[in-house]
6 protein chains.
Amino acid sequence: MSHDHNGTSLEEFRKYREKMNHKILEQGNLQIKRFFNLDSQAYEDGALPKKTKELLGLVSSMVLRCDDCITYHIIQCADVGVTDPEFFEAFNIGLVVGGSIVIPHLRRAVETLEECRTATGMKKETSPVRSR
Amino acid sequence: MSHDHNGTSLEEFRKYREKMNHKILEQGNLQIKRFFNLDSQAYEDGALPKKTKELLGLVSSMVLRCDDCITYHIIQCADVGVTDPEFFEAFNIGLVVGGSIVIPHLRRAVETLEECRTATGMKKETSPVRSR
Amino acid sequence: MSHDHNGTSLEEFRKYREKMNHKILEQGNLQIKRFFNLDSQAYEDGALPKKTKELLGLVSSMVLRCDDCITYHIIQCADVGVTDPEFFEAFNIGLVVGGSIVIPHLRRAVETLEECRTATGMKKETSPVRSR
Amino acid sequence: MSHDHNGTSLEEFRKYREKMNHKILEQGNLQIKRFFNLDSQAYEDGALPKKTKELLGLVSSMVLRCDDCITYHIIQCADVGVTDPEFFEAFNIGLVVGGSIVIPHLRRAVETLEECRTATGMKKETSPVRSR
Amino acid sequence: MSHDHNGTSLEEFRKYREKMNHKILEQGNLQIKRFFNLDSQAYEDGALPKKTKELLGLVSSMVLRCDDCITYHIIQCADVGVTDPEFFEAFNIGLVVGGSIVIPHLRRAVETLEECRTATGMKKETSPVRSR
Amino acid sequence: MSHDHNGTSLEEFRKYREKMNHKILEQGNLQIKRFFNLDSQAYEDGALPKKTKELLGLVSSMVLRCDDCITYHIIQCADVGVTDPEFFEAFNIGLVVGGSIVIPHLRRAVETLEECRTATGMKKETSPVRSR
C-alpha cells in the first residue's frame with residue numbers, strides 16, 4: 001500500500017514537483033505565474049509567523065484531502081521546527097473538522113512525517129526555540 | 001492503470017492500514033484515539049443494522065471520492081453479506097448523488113469487489129439470510 | 001438563525017421545489033429531464049428497500065453538506081417510517097464520516113425532523129413494522 | 001423557499017457584493033488585492049473568448065455548489081449573449097458532472113436566470129451574433 | 001444580500017446554535033455527544049496554543065466553505081486576541097488554498113468580523129500580548 | 001513521482017477505463033447504464049459546440065480534483081483541436097476558481113497534455129480551423 005508519492009522518496013517528490021512547476025511557469029501564461037507567486041508569498045512571515053501559516057496550509061490540505069499538498073506542508077512545517085506533539089494536535093483538528101474520510105490521508109501523512117524525520121536525522125520531541 | 005491500493009493486493013491494503021493505524025494510536029494523542037473509537041463504533045449494530053450502516057459508509061465514501069474508504073467499506077459490506085445487486089444499487093445512488101466525477105472511483109470499486117469475491121471464493125447473487 | 005428553507009415552512013419548501021422543478025423540466029432539455037428521472041428511480045424499492053436507499057440519500061447529503069437535499073431525504077425517510085433512534089444513528093455516521101463541518105447542517109436537520117414530526121402529528125420512538 | 005440572495009433583488013446582490021469587495025480591498029492586504037485582480041483577469045478575452053470563460057466559471061461554480069458564484073456568472077454570461085439553450089446545456093454538464101446534489105442550486109440558478117431576463121427585458125432564444 | 005446568519009445578529013446566531021446543540025445532546029445518542037466533546041477539546045491549549053488552533057479551525061472552515069463554522073471561529077479568534085492584520089493573513093491563506101469560490105464566504109466573514117469588533121467595542125490593530 | 005495513471009501510458013489508461021466500463025455495464029443495473037449514456041451525451045455538439053463542452057468537463061474536473069477525469073477530458077479536448085494557449089487559459093480558470101489545492105493536479109495535467117501531444121506527433125500552437 002502506498003502514497004501518492006509512493007514508490008518514490010521524498011527526494012523524488014521534490015524533483016517531480018520542481019520539474020513540472022518549471023514546465024508550467026516557462027509555458028508563458030502570466031496569470032498562472034502570478035498565482036504561483038501569490039501561493040509562495042502566502043506562507044511568509046508577516047503578522048502571523050511562517051510556522052503558523054504552514055500549519056494553516058497543512059490543516060487546509062488535510063480537510064481538502066490532497067496528499068501532495070499535505071506532503072509539501074509537512075516538509076515545510078518540519079523545516080520551521082514543528083514538533084511531533086504539535087503535528088498531531090494539528091492532525092487532530094484536521095481529523096475532527098474533516099471527519100473519518102481524512103484518515104487514509106492521515107496514515108500517509110504520518111508515514112511522510114517519519115520520512116522527514118529520518119531524512120533530517122532528528123526526532124523533534126521538544127518545543128523548538130520560540131524565537132523562530 | 002491502477003488503484004490507490006494498486007500494485008498491492010487487498011491483503012497488502014489491510015497490512016498497511018493496520019501498521020499505520022497502530023503507529024497513529026501509539027503516538028499518544030488521546031483525542032485521535034477517541035476519534036478512531038467513535039469511527040469504529042459508528043458501524044456497529046444498533047437501531048439500524050450493521051449492514052445498513054456499512055452501506056451508509058460506502059456511499060458516503062463514494063460521494064466524497066475516497067478510494068481507501070470505499071475499499072474498506074466494500075470489504076465490510078461483503079463480510080456482512082451484501083449481494084452484488086445490492087452493491088450496484090448502492091453504487092448507483094453514489095453515482096446519481098455525486099455525479100460522473102464518481103465514475104473513476106466506481107471503476108476501482110468494481111475491481112475491488114471482484115477481488116473480494118475472489119478472495120472469499122463466492123459470488124453472492126442471492127439475498128443473505130435476513131437474520132444477520 | 002435560520003435554515004436554507006428558513007422563514008419558510010416545509011410546505012413552502014415543497015412548493016418552491018415543485019414550482020422550479022416544473023420550470024426546469026418544461027424548458028425542453030431532454031437530458032436534464034432524463035437525469036431527473038434517474039434521480040427519482042434511484043430511491044425506489046429494489047434489491048435494497050426504499051428505506052435503506054433514502055437513508056443512503058440522507059447521509060450522502062449530510063457529508064456533501066446540502067441543506068435542501070437533507071430536508072428532502074428527511075421528509076422521505078420519515079414517510080417510510082424511519083424512527084428517531086434510526087435517524088440519529090444515521091446522523092452520527094454523517095457526522096463521523098464528514099466531520100464537525102457537518103454540525104451546522106445537523107442542527108438544521110434536527111429542526112427539520114422536528115417540523116416533520118409536528119406536521120404528521122406523531123413522534124416515532126419505536127421501530128416501524130419490518131415489512132414496509 | 002429562497003435563494004442565498006433571497007429576499008433581495010439582483011440589484012441588492014450587486015450592491016452587497018460591491019460594498020463588501022470594497023471593504024476587503026481597502027483594508028490593505030496586498031496579496032488579497034492581487035488575488036482579486038487575478039480573478040477578474042481570468043475571464044477576459046484571450047485565446048478563449050470571454051463567453052467560453054464565463055461558461056467555465058459558471059459550470060465550475062455549479063459543481064462546487066456556490067450560489068453567489070453561480071449568480072455572478074449567470075449575470076456575466078447573460079451580458080455576453082449566452083442563450084437559454086446554451087445555458088441549459090451548460091447546466092446539464094454541471095448536473096451530470098456534479099450529480100443530484102447540484103439540483104437545489106440548479107433550481108436557484110433557473111430563478112436567477114429568469115430575473116436576469118426580466119431585468120434586461122429580453123428572452124434570448126436565438127444565437128447571439130458570433131462577433132461578440 | 002445576507003449571511004447564513006442573516007437577518008439575525010451574532011447574538012441570535014449564538015442562541016440558535018445553543019438551542020439546537022442542546023436538543024441534539026439531550027436526545028440520547030452517546031456517540032454524537034462524544035463527537036461534540038472531541039470537537040470542543042480540539043481547540044484547547046496544548047502543544048499548540050488555542051489561538052493557533054482557532055485559526056486552524058477558521059481557515060479549515062473557509063476552504064470547506066461553511067459560513068456558520070467561519071462565524072463561530074471568528075468569534076473565538078476575536079476572543080483570544082487575533083488582530084485584523086492576522087485575520088486578513090489567515091483569510092488570504094484560505095483564499096489562495098481554496099480559490100475564488102471562497103470569496104462569497106470571505107465577504108460574509110469580513111462582515112462578521114465587523115460585527116464582532118462592534119459588539120466588543122474595540123478594533124484590534126496591534127498585536128495582543130504574547131502571553132495569551 | 002507519478003500520476004494516478006502512472007507507471008502506465010495513456011494507452012493503458014484507455015484500456016483499463018474501457019475494460020472496467022464494460023464490466024460495469026454488463027452487470028445489468030439499468031440505471032447505471034442510463035447514467036453512462038447521459039454522461040456521453042452531455043458533451044456532444046448542440047447549442048454549445050463539443051469543444052466548449054469538453055473544456056467545461058475539463059475545468060469542472062480540475063476544480064473537483066479528479067485526475068482520471070482531467071486525463072479523459074484533456075484527451076478529448078486535444079482531439080477536437082484545443083491549442084496549448086487555450087488549454088492554459090482553461091487551466092488558469094481551474095486554478096483561480098479552485099485554488100492552490102488544484103496545483104498538484106495541474107502538474108499531472110501538464111504531463112498528460114505532453115503525452116497527448118507526443119502521441120499524436122503534433123504541438124498545436126495555433127488556433128484550429130473554427131468550423132470544427
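Helix α3 (residues 50–64) of chain A packs against helix α5 (residues 84–98) of chain E at an angle of about 40°, and their axes lie 10 Å apart. Axes here are lines fitted to C-alpha atoms, for helices over the stretch in contact, and angles run from 0 to 180 degrees between N-to-C directions. Helices (H or I, at least four residues) and strands (E, at least two) are DSSP runs, numbered from the N terminus. The model is predicted: local features need pLDDT of at least 70, side-chain atom pairs count only at pLDDT 80 or more, and totals for chains, interfaces and linings use all residues. Residues are numbered from 1 along each chain as its sequence is written, while chains are lettered from A and ligands numbered from 1 in the order in which they are written.

The angle makes α3(A) and α5(E) oblique to each other. Angles under 35 degrees count as roughly parallel, over 145 as roughly antiparallel, 65 to 115 as roughly perpendicular and the rest as oblique. The crossing of α3(A) and α5(E) is right-handed. A crossing is right-handed if the near helix is turned clockwise from the far one by less than a right angle, and left-handed if anticlockwise. On the α3(A) side, the contact is made by A:Lys53, A:Leu56, A:Gly57 and A:Ser60; α5(E) brings E:Ala90, E:Ile93 and E:Val97. Two residues are in contact if their C-beta atoms, placed from the backbone, lie within 7 Å. By class, this contact has four nonpolar, two polar and one charged residues. Ala, Val, Leu, Ile, Met, Phe, Trp, Tyr, Cys and Pro count as nonpolar, Asp, Glu, Lys and Arg as charged, and the others, Gly among them, as polar.

Now take the whole interface between the two chains. In it, 24 residues of chain A are in contact with 24 residues of chain E. On the chain A side, α2 (30–41), α3 and α5 (84–98) are the elements that give two or more residues. The largest share, nine residues, comes from α3(A). That side of chain A divides into 14 nonpolar, six polar and four charged residues.

Helix α3 (residues 50–63) of chain B and helix α5 (residues 84–98) of chain C pack at about 40°, with axes 10 Å apart. That makes α3(B) oblique to α5(C). Their crossing is right-handed. B:Lys53, B:Leu56, B:Gly57 and B:Ser60 meet C:Ala90, C:Ile93 and C:Val97.

The largest nonpolar core holds 229 residues, of which A:Val59, B:Val59, C:Val59, D:Val59, E:Val59 and F:Val59 touch the most other members. A nonpolar core is a set of buried Ala, Val, Leu, Ile, Met, Phe, Trp, Tyr and Cys residues joined through C-beta atoms within 7 Å. Leaving aside neighbours within four places in sequence, E:Val59 is in contact with A:Leu56, A:Val59, A:Ser60, E:Ala90, E:Ile93 and E:Gly94.

Chain A has six helices and zero strands. Of its 132 residues, 54% are buried. A residue is buried if 20 or more other C-beta atoms lie within 10 Å of its own, exposed if 12 or fewer, and partly exposed in between, with C-beta atoms placed from the backbone. Among contacts in chain A between residues at least 6 apart in sequence, 66% join residues at least 24 apart.

Some individual residues deserve a look. E:His73 is found in helix α4 (residues 67–79) of chain E. It counts as buried, because 27 C-beta neighbours lie inside 10 Å. Beyond four places in sequence, E:His73 is in contact with E:Glu54, E:Gly57, E:Leu58 and E:Ser61. The C-alpha atoms of E:His73 and E:Gly57 are 6.4 Å apart, across 16 residues of sequence.

B:Arg108 sits in helix α6 (residues 103–120) of chain B. With 23 C-beta neighbours inside 10 Å, B:Arg108 is buried. Its C-alpha atom is 8.7 Å from that of B:Thr71, 37 residues apart along the chain.

Last, a loop. Most residues other than glycine have a negative phi. Phi of C:Arg65 is near 60°, a positive value. C:Arg65 lies between α3 (50–63) and α4 (67–79) of chain C. It is partly exposed, with 19 C-beta neighbours inside 10 Å. F:Arg65 also has phi near 60°, and lies in the loop between α3 (50–63) and α4 (67–79) of chain F.
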